[in-house]
Amino acid sequence: MKVFCGRANPTTGSVEWLEEDEHYDYHQEIARSSYADMLHDKDRNVKYYHGIRAAVSRVKDRGQKALVLDIGTGTGLLSMMAVTAGADFCYAIEVFKPMADAAVKIVEKNGFSDKIKVINKHSTEVTVGPDGDMPCRANILVTELFDTELIGEGALPSYEHAHRHLVQENCEAVPHRATVYAQLVESRRMWSWNKLFPVHVQTSLGEQVIVPPLEMERCPGAPSVYDIQLNQVSPADFTVLSDVLSMFSVDFSKQVSSSAACHSRQFEPLASGRAQVVLSWWDIEMDPEGKIKCTMAPFWAHSDPDGLQWRDHWMQCVYFLPQEEPVLQGSALCLVAHHDDYCVWYSLQRTSPEKNARVHQMRPVCDCQAHLLWTRPRFGEINDQNRTDQYAQALRTVLKPGSVCLCVSDGSLLPVLAHHLGAEQVFTIESSAASHKLMKKIFKANQLEDKVNIIEKRPELLTNADLEGKKVSLLLGEPFFTTSLLPWHNLYFWYVRTAMDQHLDPGAVVMPQAASLHAMVVEFRDLWRIRSPCGDCEGFDVHIMDDMIQRALDFRESKEAEPHPLWEYPCRSLSEPQHVLTFDFRQPVPQQPMRAEGTVELRRPGRSHGAVLWMEYQLAPGSTLSTGLLESVGDKGHCRWNPHCKQAVYFFSTSPDPTVPPDGPRTVSYAVEFHPHTGDITMEFRLADSSD
């Protein structure tokens with residue numbers, strides 16, 4: 001049987017549905033999962049183990065059998081911990097069939113098949129009774145159903161159902177309790193991920209300012225959390241306006257409600273400023289006394305910042321208030337956390353909700369379109385004034401009197417720059433109706449609706465009539481397309497340039513004029529854990545899980561790079577950046593593949609975890625914009641990455657000795673090929689001695 005899966009097609013700039021093997025989705029799910037990251041999370045595993053031991057002991061001390069319900073068992077790790085701690089029997093629930101099959105094998109491998117029953121169902125489908133999945137209700141509830149937002153994976157409905165149908169009243173629960181914390185801050189950097197700022201352009205007539213439409217300024221934004229590695233945000237990037245506030249707790253040992261609710265905390269601002277962003281995280285207490293605690297707190301709010309556990313499956317949350325609001329130091333306010341069964345959002349009130357019946361508990365809804373079309377990094381990219389200045393400087397060198405400019409990028413302000421910098425006529429293509437509508441609002445707010453002509457159609461369908469019979473003298477792109485996942489997916493611009501050959505003036509200029517692919521071998525501080533085999537986890541053999549992940553990767557993913565925002569994941573360069581391929585936009589896309597082979601010399605000692613790849617765009621002679629490395633790597637190999645873009649990471653296969661020795665260089669050989677008919681880039685890297 002075949003299944004249809006969406007994949008970005010750089011030749012068309014769209015997501016296309018391709019026929020794949022029936023196991024493709026399973027392999028994707030496993031290969032891109034956080035199972036390895038969770039198994040490497042020592043702090044999580046140890047705290048769960050301690051909590052489970054304590055819960056089993058409490059039940060045994062009451063003279064009862066310890067019957068455990070483990071919802072979302074994954075590898076079966078927590079169930080094996082429970083049996084080792086003395087539980088009489090465990091019912092391990094896992095809805096994902098490949099994972100449930102693996103759990104059965106792992107449980108058997110570790111000798112627990114007689115005391116652990118793996119049930120391949122959603123917990124809400126589990127039955128209790130003589131003919132059911134469980135003969136009776138459990139008296140210990142063990143779960144790991146949490147995401148960065150705590151409730152985003154449906155923890156509340158699952159707990160609600162479990163207490164009603166699967167566990168005894170007043171059961172033991174591990175974790176016993178979760179508490180959500182919040183801190184109000186002012187941050188221009190983070191606020192730039194949520195609102196369009198005025199954009200300044202220096203022209204021959206003086207400074208022009210591109211302003212956002214009033215509708216965008218008033219829009220409350222999208223309710224979706226922005227989960228990031230908050231420890232990588234510099235404290236210099238925000239001003240703390242409140243203490244850390246305990247917003248609400250959930251006791252998992254009692255009946256849980258998934259109904260919508262709000263929780264308010266009164267506080268006095270620590271400083272005057274503009275309230276814009278709520279930083280949030282949670283902790284879980286594994287025991288009723290709260291002595292065994294696992295926290296997601298960032299370093300400045302952590303009780304032991306030096307012992308901070310890195311993890312990627314749980315991070316921290318950034319929430320944006322519906323509007324920024326002025327606050328005065330010492331003048332009491334109320335921060336309100338709202339939630340439904342899957343989502344959390346925040347508001348700031350002058351009085352507590354109990355005294356203000358008008359508090360709005362519905363999720364905020366974006367009514368300006370921008371928050372539905374632009375990602376948080378895209379907002380930041382558009383708001384980057386230095387980036388805008390670089391494009392403006394390049395435009396000044398290529399614009400000529402009488403220029404007819406055509407812009408091809410999704411939701412771009414480049415057409416406005418081109419107009420302000422002297423283009424006689426500006427066209428821009430927006431192939432989506434929603435993006436057309438948004439850009440029309442922006443142009444209208446800047447009195448440019450009759451200066452910039454928006455063409456709503458796919459670029460390859462453009463006609464002479466769309467261009468009012470004129471030839472394009474400047475083809476312009478950032479390039480940026482919403483369907484792009486990997487850096488080279490924006491090569492769609494090259495395909496557009498090729499399709500538009502007939503519409504270009506013989507002396508037409510293309511900006512950017514070229515792109516180049518670069519690579520560098522790195523040692524990650526922590527990101528390597530998501531692809532590293534675990535082997536043994538707290539004394540349990542999980543090699544079967546390692547093998548399962550590796551088979552899934554070998555299905556396709558091990559031969560592909562994957563996108564990661566490396567500003568969140570520190571790494572150290574072991575090599576110098578290597579220029580791999582050049583794509584000349586002044587010429588059409590070639591018919592034959594482009595291939596590059598070579599070696600990268602590893603100049604610094606360390607562990608070679610993988611190669612990072614990114615694109616650089618030559619906007620004009622002497623002007624290059626990087627989507628990856630922003631500055632030269634210093635002697636120690638520290639890297640600074642473009643914070644608006646995801647870089648591509650190619651993880652090396654497990655090597656017997658991936659360590660670069662301090663007494664001599666080693667090399668990494670590579671073969672990279674661009675396939676013009678698919679727009680894809682395939683690659684292979686191999687770590688070898690320099691003598692090979």
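How many of the 11 residues of helix α6 (residues 155–165) are buried? In the predicted model examined here, 8 of them are, and the helix is mostly covered. The buried set consists of Ala-155, Leu-156, Ser-158, Tyr-159, Glu-160, His-161, Ala-162 and His-163. The elements that cover these residues include strands β3, β6 (138–143), β7 (167–174), β13 (245–251) and β18 (333–339).

The protein as a whole contains 15 helices and 38 strands. Its C-alpha atoms fill a box of roughly 90 × 70 × 50 Å along the principal axes. The radius of gyration is 28 Å, which agrees with the value near 26 Å that a compact globule of 692 residues would have. Of the 692 residues, 57% count as buried. Contacts between residues at least 6 apart in sequence were also examined, and 77% of these join residues at least 24 apart.

The largest nonpolar core comprises 114 residues, and Leu-69, Phe-146 and Tyr-346 have the most contacts inside it. Strand β15 (residues 273–285) gives the most to this core, contributing 7 residues. A second, separate core of 93 residues includes Leu-486, Val-580, Leu-581 and Val-668. When residues up to four places away in sequence are not counted, Leu-69 touches Tyr-91, Ile-93, Met-134, Ala-138, Ile-140, Leu-141, Val-142, Leu-166 and Val-167.

Asp-70 is placed in strand β3 (residues 67–71), one of the elements covering the buried residues of α6. Asp-70 is buried but has no salt bridge. The nearest side chain of opposite charge belongs to Arg-44, 8.2 Å away, whereas a salt bridge requires the nitrogen and oxygen to be within 4 Å. A polar contact of 2.7 Å does join the side chain of Asp-70 to the side chain of Thr-73. Outside the four places on either side in sequence, the contacts of Asp-70 are with Leu-78, Ser-79, Tyr-91, Ala-92, Ile-93 and Val-142.

An α-helix has 3.6 residues a turn, so residues three or four places apart point the same way. Lys-97 counts as partly exposed because its relative accessibility is 43%, and Asp-101 is likewise partly exposed, with a relative accessible area of 33%.

A salt bridge between the side chains of Arg-363 and Asp-340 has an N to O distance of 2.6 Å. This pair links distant parts of the chain, 23 residues apart: Arg-363 is in the loop between β19 (344–349) and α9 (370–373), and Asp-340 is in the loop between β18 and β19. Arg-363 is partly exposed at 36% relative accessibility, whereas Asp-340 is buried, with a relative accessible area of 13%.

Arg-586 forms a salt bridge with Asp-584, and the closest N and O atoms are 3.0 Å apart. At 46% relative accessibility Arg-586 counts as partly exposed, as does Asp-584 at 23%. Asp-41, Asp-43, Lys-47 and Arg-311 are linked in a network of salt bridges.

Several backbone features were also examined. Most residues other than glycine have a negative phi, and most peptide bonds are trans. The peptide bond from Glu-478 to Pro-479 is cis, with omega near -10 degrees; Pro-479 is in the loop between β23 (472–476) and α14 (492–499). The bond from Met-511 to Pro-512 is also cis, with omega near 5 degrees. Pro-512 occurs in the loop between β24 (504–511) and β25 (514–524).

Positive phi values occur at Gln-447, about 55 degrees, and at Glu-538, near 50 degrees; neither residue is a glycine. Gln-447 is located in the loop between α13 (433–445) and β22 (452–455) and counts as exposed, at 60% relative accessibility. Glu-538 is in the loop between β26 (536–537) and β27 (540–541).

Definitions and conventions. Residues numbered from 1 in each chain as written. Predicted model: local features only at pLDDT ≥ 70, side-chain atom pairs only at ≥ 80, totals over all residues. Heavy atoms only, no water. Core = buried A, V, L, I, M, F, W, Y, C linked by side-chain atoms within 4.5 Å. Buried < 20%, exposed > 50% of the residue type's maximum accessible area, 1.4 Å probe, protein only. Helix = DSSP H or I, 4+ residues; strand = E, 2+ residues; numbered from the N terminus. Contact = heavy atoms within 4.5 Å. Lys, Arg positive; Asp, Glu negative; His and termini not counted. Polar contact = N/O pair within 3.5 Å; in protein donor to acceptor, adjacent residues only side chain to side chain. Rg over C-alpha atoms; globule rule 2.2 N^0.38 Å.
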